[in-house]
Structures are given as structure tokens and as C-alpha cells.
Amino acid sequence: MALKYHVVCKKDLRKEASADAKLYHGQIRAGDRITLDELSESISALSTASEGDISVVLDGLLMLMRQNLAKGNIVELGDLGNFRMSAGSPGVEDAEAFSAAMFRKGRIVYSPGNRLIKHVRKHVHYEKQTFIEEEDPCKLPHTI
């Protein structure tokens with residue numbers, strides 16, 4: 001299976017580029033979504049565990065990940081990779097002036113495991129996705 005991509009035109013942000021210069025870039029298109037239920041069904045077909053058993057394990061994993069990430073722990077899942085929390089803040093000139101309220105909304109950072117990275121990189125292929133050009137919807141008359 002190949003990763004689908006399309007080519008998009010973007011402003012050229014290089015220093016030496018003219019103000020109206022543009023470059024074409026490849027952009028990966030996301031495929032279908034695989035739900036937790038679909039994953040449970042697929043894993044069940046590959047093992048002796050039932051879909052219900054797999055769903056219970058995955059739900060438990062999610063609960064424990066939420067708890068540990070909220071504590072600031074790194075959750076290691078072997079070859080799958082690691083999950084950790086990250087949050088930034090604006091700088092202040094005096095350390096005493098800093099408060100925890102200054103942190104921006106936290107986010108979860110995922111770092112894939114080395115075996116996962118190597119396998120995906122080794123087996124990925126690219127396939128250009130073609131679209132039927134439609135008239136620009138912004139130029140069509142609108143009704144209220």
C-alpha cells in the first residue's frame with residue numbers, strides 16, 4: 001500500500017526568493033480512519049483473544065496513560081514508542097514573577113520506537129493522487 005500525496009503551491013520563504021515566488025511541495029493525504037473497534041477486531045483475528053478482551057486491555061491502557069501523563073511520567077510502550085507531556089510558557093525577566101498559570105495548554109508528544117520507524121520507512125511507497133478540478137467554490141454565488 002502506498003501513501004497518497006498531492007502537489008501544492010506555496011509561497012517561497014527562502015531569503016533569496018522574490019516577493020511573489022512560489023514553490024511546489026508534495027503533501028501527504030491522510031487515508032481512512034481506523035477506529036478502536038476495528039483495531040480490536042483485527043487484533044482478535046490475529047490472536048486467540050476476543051474482541052472484548054482486546055477492548056478491555058486497550059481501555060485499561062488508555063486509562064493508565066491518562067493517569068501517568070498527568071503525573072508527568074513518560075509512558076514507554078516498547079517498539080510502539082513513548083508518550084510524554086510537554087508545555088511551553090512565555091519568558092519573564094524575574095524568576096519570582098513566573099507562575100504555573102503562565103504555561104500554555106499542554107500537549108502529548110509521541111516518539112515512535114526505532115523498530116517501528118525502520119519498518120515503516122523501509123516499506124513506504126508514494127502514489128500521486130489525482131483530483132478532478134472543480135470550480136473554485138469561493139467564486140460561486142452564495143445564497144442565504
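Which residue in β5 is the bridge partner of R84? The legends below, which describe a predicted model, begin with the pairing that contains this residue.

**Figure 1. Pairing of strands β4 and β5.** The bridge partner of R84 in β5 is V109. Strand β5 comprises residues 107-112 and is joined to β4 by six bridges, the two strands running antiparallel.

**Figure 2. Hairpin of β3 and β4.** Strand β3 (residues 75-76) pairs with strand β4 (residues 81-86) over two bridges in the antiparallel sense. Across this pairing, E76 stands opposite N82 in β4. Four residues lie between the strands of the hairpin, in which G78 adopts a positive phi near 55°.

**Figure 3. Open sheet of three strands.** The strand order is β2-β1-β6, with mixed pairing. Strands β2 (22-29) and β6 (126-128) each have a single partner strand and stand at the edges, so one side of each is left without a neighbour in the sheet. On average, neighbouring strands of this sheet are turned by 45° against each other, direction ignored.

**Figure 4. Pairing of strands β1 and β2.** Strand β1 (residues 3-11) runs antiparallel to β2, and eight bridges join the two. Within this pairing, K10 has L23 in β2 as its bridge partner.

**Figure 5. Nonpolar surface patch including I43.** Residues I34, L36, L39 and I43 make a nonpolar surface patch of about 340 Å². I43 lies in helix α1, which spans residues 36-46. With a relative accessible area of 37%, I43 is partly exposed; this value is over the 30% required of patch residues.

Conventions. Residues numbered from 1 in each chain as written. Predicted model: local features only at pLDDT ≥ 70, side-chain atom pairs only at ≥ 80, totals over all residues. Heavy atoms only, no water. Patch = residues over 30% accessible without salt bridge, like charges linked within 9 Å, V, L, I, M, F, W, Y side chains within 5 Å. Areas by Shrake-Rupley, 256 points an atom, 1.4 Å probe, with all protein chains shown as cover. Salt bridge = Lys/Arg side-chain N within 4 Å of Asp/Glu carboxyl O. Buried < 20%, exposed > 50% of the residue type's maximum accessible area, 1.4 Å probe, protein only. Pairing = 2+ DSSP bridges. Axes fitted to C-alpha atoms, helices over the stretch in contact; angles between N-to-C directions.
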